[in-house]
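The model comes first, then the notes.

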Amino acid sequence: MNLLQECTGAKRIGIGGHVRPDGDCVGACLALEQYLKKELPAVQVKVFLERPADIFSKIKGFGEIDSSFPEEEAFDVFFVLDCSWDRLGGAEKYFHSAAKTINIDHHVSNTGSGDICEIRPKAGSTCEVLYDLMERDKLDRDLAMALYIGIIHDTGVFQYSNTTPATMEKAAHLISFGFDFPGLIEETFYQKTYLQTQIMGRALMESVRFMDGRCIVSVVDRKTMDFYDVTHKDLDGIVNQLRNIKGVDCAIFMYETGVLEYKVSLRSTDKVDVARVASYFGGGGHIRAAGCTMKGTFHDCVNNLSLHIERQLLEEV
Ligand code: AMP
Ligand code: MN
Ligand code: MN
């Protein structure tokens with residue numbers, strides 16, 4: 001696919017990503033916006049996303065993200081990044097009314113949702129896919145920084161198995177633009193506020209192991225989130241910490257999103273395909289990192305999830 005050719009003749013372009021946007025989603029949307037604005041200066045380009053965490057505010061264009069999802073005239077082209085159309089949240093209406101839709105993603109669970117689809121499950125991040133689609137000589141410092149943020153967030157700073165030699169080559173080229181990458185990694189990935197650390201400590205302390213310690217689950221309820229005055233954005237990293245525990249093959253982290261409703265995050269080692277587990281509950285993701293939303297009590301959710309996880313763990317033996 002040629003990004004600029006696909007936009008030929010367009011006057012208004014919209015860009016959207018998934019609900020509860022992460023670093024890859026925010027980086028990809030803002031990188032694409034910068035690229036299109038630079039190369040097609042006469043075209044109006046707008047990004048629609050739920051309000052991302054403030055740690056991403058250094059990315060160019062962050063301040064102009066529209067999180068109010070107003071009524072808009074149909075877009076000539078609407079890009080769906082880092083998800084399929086059903087996870088666009090408030091931006092879904094722009095997808096349905098657009099004259100042309102383009103889906104760029106790397107989720108194995110995404111079967112493609114758009115007139116033009118570029119879904120690469122082997123890519124570590126949507127930002128990597130975008131890097132491949134952009135002309136190298138058209139990158140600049142701000143754009144490089146946006147793509148780099150997406151790459152470090154989805155690869156856990158080059159730690160997860162979705163990191164490839166190509167990931168490192170792209171990252172090497174991106175840091176050659178000279179932005180402060182150690183600061184960016186520290187401020188957007190590792191640094192936590194005191195309250196974020198406290199609630200993480202509590203979630204780790206209250207976690208419960210099952211299947212001989214091969215699975216672990218922890219939950220944070222609404223009341224606890226209110227007590228620490230945190231939102232879901234403050235809970236990032238807890239599930240990874242659970243997965244780091246020796247002997248754990250599958251970590252489950254849940255937080256309450258409503259009455260008898262939980263957002264579930266799953267992380268695994270090479271023993272469990274969590275994208276498959278999540279897909280049974282209408283979610284998806286990648287084989288080592290996936291998510292879904294579930295209804296029912298905490299115990300119902302864990303029972304239902306563990307059935308599918310145990311099946312895979314037992315198959316392995
Ligand atoms: P999370 O646990 O929310 O950080 O998500 C882990 C991975 O799974 C990310 O790549 C998400 O984009 C993806 N994911 C999370 N929830 C869903 C869902 N409901 N449907 C499809 N993919 C999801
Ligand atoms: Mn994402
Ligand atoms: Mn991603």
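## Cysteines

C117 counts as partly exposed, at 35% relative accessibility. The term covers values between buried (under 20% relative accessible area) and exposed (over 50%), with a 1.4 Å probe and protein chains only. C301 counts as buried, at 0% relative accessibility.

Searching the whole structure turns up zero disulfides. C117 is in none; its nearest cysteine sulfur, that of C83, is 12 Å away. The criterion is a pair of cysteine sulfur atoms within 2.5 Å. For C301, the closest cysteine sulfur is in C292, at 8.3 Å, too far for a bond.

## Basis of the model

This is a predicted model: local features need pLDDT of at least 70, side-chain atom pairs count only at pLDDT 80 or more, and totals for chains, interfaces and linings use all residues. Residues are numbered from 1 along each chain as its sequence is written, chains are lettered from A and ligands numbered from 1 in the order in which they are written, and side-chain values use heavy atoms, leaving out hydrogens and water.

## Manganese site

Which protein donors hold the manganese ion (ligand 2)? They are H18 (NE2), D22 (OD), D22 (OD) and D82 (OD), 2.1 to 2.7 Å from the ion. Donors are N, O and S atoms within 2.8 Å of the metal (3.2 Å for Na, K and Ca); water is not among the atoms, so sites may look incomplete. The sequence spacing of the donor residues is H-x3-D-x59-D.

D82 also bridges to the manganese ion (ligand 3), with the two ions 3.5 Å apart. D82 is buried, at 0% relative accessible area. D22 is partly exposed, at 27%.
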